[in-house]
Amino acid sequence: MNKTVYFHTLLSGFFATSLSLSTPVNAGDPQQFNVTIPTLTQHAEIDGEFNEPQWQQAANIQLKYETSPGENIAALVTTDAKIFATETSLFVAFTAHDNNPSQIRANLRDRDNSWGDDQVGIKLDTFNNARLAYQFFVNPYGVQNDSIENELTGQESDAWDGIWYSAGKLTEQGYQVEIELPLRLFNFDDKKDIQTWGIELVRFYPRNETHRLSTNKIDRNVSCQLCQLGTATGLAGAQQGQDIQITPSIVAARNSQRELNPNQPWQDEDDIEVGLDLRWGITPTTLLNATINPDFSQVEADSGQLDVNNNFALFYPEKRAFFLDNKDYFDTQLSLLHTRNISSPDYGLKLTSKTDDHTIAVLAANDEQTQFLVPGNLSSDVATIDEESYNLAARYRFDPSSELSFGGLVTAKQSDNYHNYVASVDTKWQPTKQDTFTAQYVFSDTEYPEDFFQQFCNGDDCSTPPQGCEIGNCDYNERVLRTKKQGNFSDSMYRISYDHERRNWRAFSRYESTGEDFRADLGFIERIDASKFVAGGNYYWYPTDNFFSKIQFGGDWDITHNQNNEKIEQEAELSVSFEGGWQSYIATGIVHKDRVGRRLDSSSLAIDGNTSMYTIDLMWFYTNFVPFDSLKIEFDSNYGDDIDYANDRPATVTMFNPAFEWKITDSIILDIDHKYQALDVDEGRLFTANLTDLRLNWQITLNSFLRLSSVYTDIERDPDLYQYQSPNEQYQNLGNEILYGYKLNPQSVFYLGYSDGLISTDDIDSLTQKDKTYFMKVSYAWLL
C-alpha cells in the first residue's frame, strides 16, 4: 500500500470514532465538601492584603482535616480561606495561622522549586470528571508552583506553566497568601449558567513531618484521588474571555568550537533567530498553540547521568514550553509520544479540545533532522537520519463515566526514505473504588533507508552477514540487525494490567508483549522482541505516636522472554520502607535475578545457546531526610553482583549516590549530587566512575535569579582488563553554565548566559576547553 494512502487510512479510522454526546457523570462529591462561589463585579488587587470589600462578600472555608500522616484527624493548626469569582477570574485568599511563626519554612526560589516549604493551594477539576486537575500552590513569599494531576496515568507533572498572579506575606500570626487565577487558564464549559467543579483546598505544614491539611477527608481505602474532591458550585456568568497570547522572541548566540588541541584556532559561528509563539483559546474548551522558528535551546542544563556499563539509551525529560502546554492530553499508559525526539523544529502546531466526555489533541511539527530510538531486547541506541522529517501525533479519549475511559492515539514520523506510523487503542476501567484495569494495543508500520544500518557498524562495512561472529571480532551488533530491513515491516505491542489497592494492602499484575518489528519512533519504547509478566504486592502499617508514621513491606516477581520464548531475565525483589520524623523516607531491599549477558555471536538475535545466564544478588538502600530546615540529605546505594557487559563476564558493582540541598540563606541554595560507581571483575578493578553535579542558585528577587551549574565526569579504566576493545584509560568531561534570568512570567523572560565544555583523554593530559557559547534570549507574552 502507498505510504500516503496507508497513513490517510490510519487517520480516517482514528477520527471515525463516534463523537455523539452523552450525559457527563460528576466525580466530585458535595458530601465531601461543598462551597458556593459568589460572582462579584470587582477584582481584588493581588498584594497579600485582604482589605478590599470583595473579601467580605467571599465564601468562607476552613481546612479542618489532616489527611497525612494523620488519617482524617483534626488539623494541627487553623487555616482560613476565602473564595470568590468575577466573570473572568477566580480569587482565593488564605490565612495560615501558626502557633510558632518562627518555624515557618519559606525560601525565595524560582517557580516550581519551592516544594518542601510551607504552602497553601487549590486543586480544581473543571469538568468534575476525575480525569485531570489543575493545582496551584504558593509559599509565604509568593513563590508559585503549578502542576497538572493526571488520574489516567497516575502521574503529576509540574512542567506545565500557566500565567497567574499571587502574593504572600509573613505575619505575626503566621502568613497569608492572595491568588488570582484568570479563567483563561482553564478548559471548561462556559455555556453553563452555573458551574460545578471538583475542588480541594490544601495546606502543607512541614515540621518534624510534613502534615497535609485539607478541606476534604481522604479515604485510604479508595485508590482514585481525584474521585475524592469536593465540589464548588456557582461562578455564575463565568467566561473564559478572549484568550489570545502572542509571544515574540529573539535569541542571539555565539558558538565557538575547536579541535581537541589548545593550539588549534577557534571556529566561531554567530546565530540570531527571531521566533513567534501563539496561544489562542478558540473556545473555552479548545486551545490552539502555534510556533514559528522557535527557540528550543535548553536554558537549564540537563542533570548529569553516568553512562557506563549500560546497554540502553538514557532518558531526558521534556522541558520546552510549546510541547508541555496540555501535554497530558496526549498521555497513554505507554510512552508513545516523547517530544524530545523532535529535536530542532522550524514550526509547530498543536490543537487540544475537550467537550463533555470527549478529548481531542493534535500535534504537528517538522524537524531539521530525523532522530529516534532504535530499540532491542538487550540494548538500544539513538539514531539520526540527516533529512528533514515531519511529525504528527493525534489523540482521542472518550470518558463515558468517572470509572471508564477509552482512547486512541496515532503518531507519524516521516522523511524522504523513512517512515514510522503508529496506531493505538487503550482503556481504563475502575469497576470498584479499589480495582483498576488498564489495557492498550499498539500497531506500527515502519520503513528504514536502504543503508541506514551502516551507522551502527563497528567497522567500515557490514553489508554482508558473516558466517558466525564472535564477540569483539565482528562489525555486527543488535542495532545493525534491528535496522537492516528491506521495505516496510510492521508489528504490534500490547499491555494489560490489574491493580487492587486498599488501605492496608495492594496487589498488582501486568503483562506486556512487544513484537520484534515493533517501533514507536515518536515515543520512548526502548525494549522490543520481549514479553514480560510482573506480579507483586505491598502491605502498609500506620503506627501512631511513633517516630515512623507509615511502614510498607512488599515485593514483586517478574519474568521476561523474547518472542521465541527464550528467557532473558527472571527477577524477585523484596523491600521495606519507612516514613516518619525528620520528614524522612528510608527504604531498603534485596534483588535476586537471572539475567543474560551479551550475545556470543552478534550476527544472530538468538538468546538460547548464544548468551550466558548470570545469577545476580544485589542489595540496595535509599533515604532522604531533613535534619534541619536548611538542609536536606539524600543517599542512594547498592552493592552486589552485576554483569560486565563489555566483556561478558560476572562482576561486582559498588554504587553510592549522596546528594545535599543546603539553603545557605532563604534566597541562596547549593545543590550537590555526586555518584560513584565501580565495577570489579576477578582480575581486578575494571573501572571507577565519578560524576558530580553542582548547582548554586541565588534568587535575587521573586522575578530574577543567578544560577551556576557545573557537571564533572571522571572515568578511569584498566585497558588491560578489556578483552574486545581498547578504551581510554582516563576520560574527563566538565560542563559549566552561568545564567542570569529575569521572569516576569513563564513566557516573558530575559536570559543572559555563558556555557562551555572541557574534555581530557589519554591523548590530552589535562582538561582542555573544546567549546563555548554566549547566549541571550528575550521574549514577551502579550495577553490580548
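Reader: Is asparagine 72 buried, partly exposed or exposed?
Author: Buried means under 20% relative accessible area, exposed over 50%, partly exposed in between (1.4 Å probe, protein chains only). Asparagine 72 counts as partly exposed because its relative accessibility is 23%. This is a predicted model: local features need pLDDT of at least 70, side-chain atom pairs count only at pLDDT 80 or more, and totals for chains, interfaces and linings use all residues. Residues are numbered from 1 along each chain as its sequence is written, and side-chain values use heavy atoms, without hydrogens and water.

Reader: What is phi of asparagine 72, and where does the residue lie?
Author: Phi is near 60 degrees, a positive value in a residue other than glycine. Asparagine 72 sits in the loop between S3 and S4. Strands (E, at least two residues) are DSSP runs, numbered from the N terminus. Proline 69 is placed in the loop between strand S3 (65-68) and strand S4 (73-74). The peptide bond from serine 68 to proline 69 is cis, with omega near 0 degrees.

Reader: Is leucine 235 buried or exposed?
Author: Leucine 235 counts as buried, because its relative accessibility is 1%. Phi of leucine 235 is near 50 degrees, again positive in a residue other than glycine. Its loop runs between strand S15 (230-234) and strand S16 (243-257).

Reader: Where does pLDDT stay under 50?
Author: pLDDT is the predictor's confidence in each residue, from 0 to 100. Where it is low, the predicted coordinates should not be read in detail. Here pLDDT stays under 50 over residues 1-25. The chain mean is 90, and 93% of residues reach 70 or more.

Methods. Contact means heavy atoms within 4.5 Å. Helices (H or I, at least four residues) and strands (E, at least two) are DSSP runs, numbered from the N terminus.
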